[in-house]
2 protein chains.
Amino acid sequence: MENKEFVKDLTKMEDDFAKWYTDIVLKAELVDYAPVKGFMVIRPYGYAIWENIQKVLDAKFKELGHKNMYFPLLIPESLLNKEKEHVEGFAPEVAWVTQGGENELQERLCIRPTSETIICTMYSKWLNSYRDLPYKYNQWANVVRWEKTTRPFLRTAEFLWQEGHTIHATAQEAMEETLTMHKVYADFLKDYLAIPVIMGQKSEKEKFAGAEATYTVEAMMHDGKALQSGTSHYFGNHFAKAFDIKFQNKEGKLEYAYQTSWGMTTRVIGGLIMVHGDNRGLKLPPKIAPTQIVIVPIAQQREGVLEKTEELKRKLSTKFRVELDDRKEVSPGFKFNYWELRGVPVRVEIGPKDIENNECIVFRRDTLEKETVSLDDLESKLENLMEEIQENMYKAAQENVVNRTFVAHNFEEYKDLFSKREGFAKIMWCGDRECEDKIKEENSTTIRCIPFEEDKFQDVCSICGKKAKHMVYTARQY
Amino acid sequence: MENKEFVKDLTKMEDDFAKWYTDIVLKAELVDYAPVKGFMVIRPYGYAIWENIQKVLDAKFKELGHKNMYFPLLIPESLLNKEKEHVEGFAPEVAWVTQGGENELQERLCIRPTSETIICTMYSKWLNSYRDLPYKYNQWANVVRWEKTTRPFLRTAEFLWQEGHTIHATAQEAMEETLTMHKVYADFLKDYLAIPVIMGQKSEKEKFAGAEATYTVEAMMHDGKALQSGTSHYFGNHFAKAFDIKFQNKEGKLEYAYQTSWGMTTRVIGGLIMVHGDNRGLKLPPKIAPTQIVIVPIAQQREGVLEKTEELKRKLSTKFRVELDDRKEVSPGFKFNYWELRGVPVRVEIGPKDIENNECIVFRRDTLEKETVSLDDLESKLENLMEEIQENMYKAAQENVVNRTFVAHNFEEYKDLFSKREGFAKIMWCGDRECEDKIKEENSTTIRCIPFEEDKFQDVCSICGKKAKHMVYTARQY
């Protein structure tokens with residue numbers, strides 16, 4: 001009874017995907033709405049996911065020789081204005097500080113929407129010789145972008161992220177760094193979040209304001225829409241010229257440095273939810289789940305049950321992230337729903353009968369299957385299960401991508417496609433902005449990326465019929 | 001030659017302690033001044049110290065059952081205004097956001113100077129039953145306080161910190177939490193930063209705006225001035241009443257919750273520098289040093305030297321945080337100074353002769369002593385040395401505290417003392433604000449804390465001669 005009501009609370013994803021999403025983020029206590037419009041509070045369970053993401057990424061960055069730093073939150077307007085394309089892209093969506101303490105400021109300061117301008121200013125001051133290069137630095141920080149329409153994790157006025165900022169002696173090195181980090185993001189999504197991605201380059205229209213080239217990892221949500229999940233930018237020496245970042249090369253001559261930046265944000269948590277979740281709630285891949293195993297005692301008032309579950313928790317905790325739910329005031333059924341909603345990959349149930357038989361029941365969240373397992377084999381069973389679930393979740397997500405990826409040979413086909421369904425539509429593209437604008441105006445779709453592997457299926461642009469340059473992925477986006 | 005110039009660059013601490021401090025933070029590349037007045041850039045070496053501090057504290061918080069969350073950066077003015085004492089304390093020093101994107105905001109938003117008001121708002125919304133309590137949450141964040149006079153780490157317009165915010169069912173539990181965290185800070189300073197502290201309570205005048213009681217750990221810098229290094233606040237149900245944080249108790253009645261908050265900031269890095277540093281630069285305790293051992297090859301162009309140092313680095317890296325400085329363009333002497341300035345606890349020098357003899361030279365930064373060590377014994381020698389240095393640094397700091405702690409029996413003695421030297425002066429205090437104001441006006445000293453162990457040395461107030469209530473520590477402060 002309690003049980004059913006709990007599930008009834010959750011909007012079904014096929015009825016209203018957006019409402020389903022909001023239900024989950026709130027009911028699984030990942031976030032809450034803040035008293036300021038567009039801002040979110042990240043609650044402990046949501047933040048624990050972010051901490052796991054940070055841990056993996058940070059270790060990877062360091063392994064590749066990056067170090068962390070911290071730059072100021074506030075950026076003077078004059079600095080933001082230094083790079084023309086950059087300011088045009090960001091100025092309309094920044095928050096302005098105009099008063100400090102009791103005084104009106106002489107120059108207004110924006111809260112960083114991203115930190116290129118302030119970081120470039122310091123790099124310009126620090127850099128002397130080719131010997132100092134490369135600078136491979138990263139920062140974990142909060143940024144603010146004054147968005148009009150917001151949704152928890154996906155688009156919020158403030159979000160958390162990491163922003164890597166590197167400078168190099170040559171264009172080639174900088175491009176290599178850009179592509180290395182592009183791959184780091186793709187691998188992270190695949191290997192840890194169990195999210196398949198399309199890797200590729202953004203079109204001129206969609207690239208980062210001020211970049212020469214932007215690379216993106218694009219993920220498909222369960223409903224077929226795209227989520228841009230991590231971007232890496234190659235700047236050439238564009239910002240270096242605007243900010244005067246120069247070094248003495250081996251021959252003693254002054255040269256401009258080549259630059260990159262790359263970022264991943266709390267938005268990927270939104271992706272995690274929308275790729276894997278179902279009508280029972282969240283579904284978390286074991287590698288990133290704050291709790292990998294929850295132990296639920298059955299008939300816990302009976303002698304020996306709690307002792308056994310506590311013993312089990314101690315034992316399993318040496319290898320896994322484990323919770324024991326020994327609350328007295330709620331039933332096992334309530335607990336099942338509670339932890340399924342929170343996406344915990346595995347549940348272990350154990351009651352007096354099981355203890356007698358030296359066994360327990362193991363439930364996996366991804367397939368909803370139950371199995372009886374001998375307590376002697378439990379640890380090795382669980383180890384295998386973690387891998388199996390991780391792989392199986394990736395496969396399920398990959399299947400969705402395959403099922404929802406289409407080819408459009410001409411604009412009629414294209415419009416027909418997006419009038420009926422969501423998904424990735426591959427099109428051949430002439431490269432003109434006109435065709436890019438046209439698909440957006442008439443279908444609200446955008447070019448997600450020009451993939452590295454261009455599977456060219458015809459010679460003419462699917463939109464205008466002129467000669468095609470690229471095969472591109474298009475979709476509606478979050 | 002190179003060598004000497006390098007050291008000459010550094011102001012001597014006995015000549016100008018403030019200048020010495022600034023020299024160190026800049027030359028050791030811990031921070032740099034940002035393009036916005038009062039803000040700092042934390043450079044990789046400085047940030048690596050902060051990361052080590054975070055790692056230790058965060059693990060301790062979690063061990064004690066705290067979880068991390070993240071609350072919004074911006075707080076509406078109306079929320080800040082809800083608790084009278086709090087707003088009076090903080091409103092004069094906040095930065096105000098008045099414009100978001102292209103629009104004037106209807107209500108101005110302050111950048112959090114601390115997060116009580118926004119956290120209380122959410123706690124009020126979330127809390128239902130005594131079963132939900134305690135809430136033991138923490139956040140790692142940046143805060144902004146519009147300070148007029150700033151110095152890197154010690155007082156900056158923006159700083160990084162952690163702020164713990166807990167609520168409890170009873171006053172006793174909340175008080176226990178406050179004191180537990182007070183002890184966590186004291187132990188952390190002692191055990192990791194090798195900084196001895198005085199633990200105690202702040203006076204009414206010096207306590208946190210809105211708190212019922214503030215506990216502080218006070219450290220003495222090398223020059224005898226005090227640095228408040230971590231505070232824990234007990235709020236009673238003061239904020240709970242202002243923000244309506246209520247829960248249903250076991251009897252089904254509504255009650256206000258009891259609350260605490262506690263914080264430690266990047267300021268302790270300033271303490272680390274000013275407690276341990278000397279005229280060669282920083283001196284870092286091994287437990288917190290980003291690099292514990294630097295290996296400097298001697299005559300590195302000679303055959304076999306670099307191979308040997310690389311082998312050594314690989315070997316030692318399994319147990320220690322090790323750097324190998326194999327730069328070709330600078331001399332060993334330059335490297336010695338470079339790493340001494342950065343406070344690396346141990347240097348290992350090894351050249352062709354040493355390799356022949358299967359030995360190396362081990363230099364310790366705390367005592368500046370050199371010793372020849374057999375390569376066979378090196379690992380165990382270094383393990384012992386790390387502990388020895390950590391202890392020795394604590395002892396040296398403790399000695400400074402003992403040497404610079406005085407007793408003042410009357411106001412003449414007190415004034416005489418602070419006209420000649422810096423240090424902690426213990427006084428007996430009647431408890432009146434008047435005497436507290438008087439010492440500040442005439443000596444620029446403040447009551448640092450009322451220690452738990454009140455070593456009462458006379459019955460009358462050292463300032464006014466009336467009946468004394470407490471023995472207190474006073475000092476000039478950073």
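What is the mean pLDDT of chain A, and what share of its residues reach 70 or more?

**View 1. Confidence in the predicted model, with chain A as the example.** The mean pLDDT of chain A is 96, and 98% of its residues reach 70 or more. For the complex as a whole, the predictor gives an ipTM of 0.95 and a pTM of 0.96. Over residues 1-5 of chain A, however, pLDDT stays under 50, and the model has six contacts beyond four places in sequence for this stretch. Where pLDDT is low, the predicted coordinates should not be read in detail.

**View 2. Helix H3 of chain A, residues 44-63.** With 20 residues at 1.5 Å a residue, H3(A) should span 28 Å, and this agrees with its end C-alpha atoms, which are 28 Å apart. Buried residues in H3(A) include Gly46(A), Tyr47(A), Ala48(A), Ile49(A) and Trp50(A), and also Ile53(A), Leu57(A) and Phe61(A). After H3(A) comes Gly65(A), which has a positive phi, near 90°.

**View 3. The contact between chains A and B.** Chain A contributes 43 residues to the contact and chain B contributes 43 residues. On the side of chain A that touches chain B, the elements giving two or more residues include H3, helix H6 (116-126), strand E7 (135-144) and strand E8 (158-168), while the largest share, six residues, comes from E5(A). By class, this side of chain A has 27 nonpolar, seven polar and nine charged residues.

**View 4. Strand E5 of chain A beside strand E5 of chain B.** The two strands run antiparallel and are joined by five bridges. Gln99(A) has Trp96(B) as its bridge partner in E5(B).

How values were computed: Residues are numbered from 1 along each chain as its sequence is written. Chains are lettered from A and ligands numbered from 1 in the order in which they are written. This is a predicted model: local features need pLDDT of at least 70, side-chain atom pairs count only at pLDDT 80 or more; totals for chains, interfaces and linings use all residues. Helices (H or I, at least four residues) and strands (E, at least two) are DSSP runs, numbered from the N terminus. The expected span of a helix is 1.5 Å times one less than its number of residues. A residue is buried if 20 or more other C-beta atoms lie within 10 Å of its own, exposed if 12 or fewer, and partly exposed in between; C-beta atoms are placed from the backbone. Two residues are in contact if their C-beta atoms, placed from the backbone, lie within 7 Å. Ala, Val, Leu, Ile, Met, Phe, Trp, Tyr, Cys and Pro count as nonpolar, Asp, Glu, Lys and Arg as charged, and the others, Gly among them, as polar. Two strands pair if DSSP finds at least two bridges between them. pLDDT is the predictor's confidence in each residue, from 0 to 100.
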